[in-house]
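Q: I'd like to learn how to read a protein model. Could we go through it feature by feature?

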Amino acid sequence: MLSQKPTECRRPAWKAIARPTISSVKESPPGNAARSTRFGFPKSGRYSLSYWLQGVQGDPLLNHRTTPDLPTSADIVIIGSGITGTLAAKHCKGAWAEKSIVVLEARKFCSGATGRNAGHCKPDQWRGFSEYEKKFGTEQALKILDNEQQTWLALVEYVRQNNVDCDLWVGDTLDVPTTPDVAAIARRNFEHFQAAGGKVDHIKVTHDPMEAFKISRIKDAQACYSWSASTLCPWKLTAHIMRDNLQKGVNLQTRTKVTRVVKSSKVLGNWIVKSDRGDIECSQAIHATNAYSSALAPSLRGLIYPQPHMCDRIIPPVAFEESEALTNSYGVLLANGDLFSINPRNTTEGSAFIGGSNPGQPAFERWLEAHPERGIDDSLQGFRPVTEAVRAFAQSQIIGWKAEFNNDSWSGIIAREYIPHFICSKKLIDG
């Protein structure tokens, strides 16, 4: 979000990489006041370390400050150093090389949601079509899914052309309905998408449960949909882009928490970005703050709120290695709209990251409603019902999995929103 008079704009496909897997998280229904009015700034003090963050603790970029002191002015100030803020800096510098750009991060570089997700870059090809169509109409629903595909293609192209060291894997991802009812819903949605003009030639489909089982190795598989997707290390990707930004003159200031953005009393149209280290005056302020947006922009309260989410890394038993290892990424579709998103680390050590909205998520959300002060708490290192749902699924459904179960869990704060928001500055877009 940009602090200026809002106007409609079109979002380039590469910018959309910040949300490549919209369909992988089940939307929470509106109506709960405790959720919708929740807001807050990034948690101070100790927080959990994701697998990605554990592996880069010695990287100097985490605590980087381009200048010892905080600049007092800049043309553009970007709040947040995740993939959205980092890409915003990349595109702003590419469009206006002469402009001064400062990126502010409350904690360490890329230590929020980008550095905590499961690294599953899976473009929705059809699954979200019906819901998008209800909200936005057929034409826009088709464009949303096409944008996801174009975003993924641009991501893979960027990584390959720039030799980005981010553990990129490209291969088949599988959507696997696990009950007859879920399979029937998936099939109706797929066929409706196809009838509406959606592109499906590249999607391999079987509605034969036995064949689906052979392909997916999921015991209760009722069908299987397959297309190309990726997994990668999101922190390494974002760090590569930010290092390029720094070489081009972007100023990164970590451990600088923005507390307010107000209109300048000195220059008409300017903004004052207030932080715990001082103020910066600028002509444009870009809020790349994800789940924390409503803390700085009160008008978004009730529309966007922070929601802790868990990710489990499972270390498979020795008998599951090599020829028995998972060779695809997955979206396992369960009853009641639940889902397991699985990223097998095929290019590295072979552990599996399991996220999504699993059957333990409702218990987690009830706990959060009873403890609203934990709504921005990413120090959580596991929640029993969520982890137990992962354990039960892995041991009962993944053929070849043995009784051993070792896992590592962490939390991240995602943004729940009732309406997608992308607000652009007319002055910035018009140059």
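A: Let's start with the aromatic rings: Tyr51, Trp52, Phe353 and Trp410 are linked into a cluster by ring pairs. Rings of Phe, Tyr and Trp (its six-membered ring) pair if their centres lie within 6.5 Å; planes under 30 degrees apart count as stacked, over 60 as edge-to-face and the rest as tilted. A word on the source: this is a predicted model, where local features need pLDDT of at least 70, side-chain atom pairs count only at pLDDT 80 or more, and totals for chains, interfaces and linings use all residues. Residues are numbered from 1 along each chain as its sequence is written, and side-chain values use heavy atoms, with hydrogens and water left out.

Q: How many aromatic pairs are found in the whole structure?
A: In general, you describe such a pair by the distance of the centres and the angle of the planes. The search here turns up 13 aromatic pairs. Take tryptophan 52 and phenylalanine 353: the ring centres are 5.1 Å apart and the planes sit at 70°, so the pair is edge-to-face. Tryptophan 52 belongs to helix 2 and phenylalanine 353 to strand 16 (residues 352–355), so parts that are 301 residues apart in sequence are tied together. Helices (H or I, at least four residues) and strands (E, at least two) are DSSP runs, numbered from the N terminus.

Q: Are tryptophan 52 and phenylalanine 353 buried or exposed?
A: Both tryptophan 52 and phenylalanine 353 are buried. Buried means under 20% relative accessible area, exposed over 50%, and partly exposed in between (1.4 Å probe, protein chains only). Tryptophan 126 and tyrosine 225 make a tilted pair, 4.5 Å centre to centre with 35° between the planes. Tryptophan 126 and tyrosine 225 are buried too.

Q: What is a nonpolar core?
A: The general idea: in soluble globular proteins, nonpolar side chains tend to be buried together. A core is a set of buried Ala, Val, Leu, Ile, Met, Phe, Trp, Tyr and Cys residues joined through side-chain atoms within 4.5 Å. The largest one here has 27 residues, and Ile76, Ile78, Ile101, Val103, Phe109 and Trp235 touch the most other members. Helix 2 (51–54), strand 3, helix 3, strand 4 and helix 8 each supply at least two residues of this core. Apart from it lies another core, of 20 residues, including Leu326 and Val332.

Q: Which residues have a positive phi?
A: Most residues other than glycine have a negative phi. Here, asparagine 163 has a phi near 50°, and aspartate 167 has one near 60°. Asparagine 163 lies in the loop between helix 5 (138–161) and strand 6 (169–177), and aspartate 167 is in the loop between helix 5 and strand 6 as well. Asparagine 163 is exposed, at 66% relative accessible area, whereas aspartate 167 counts as buried at 17%.
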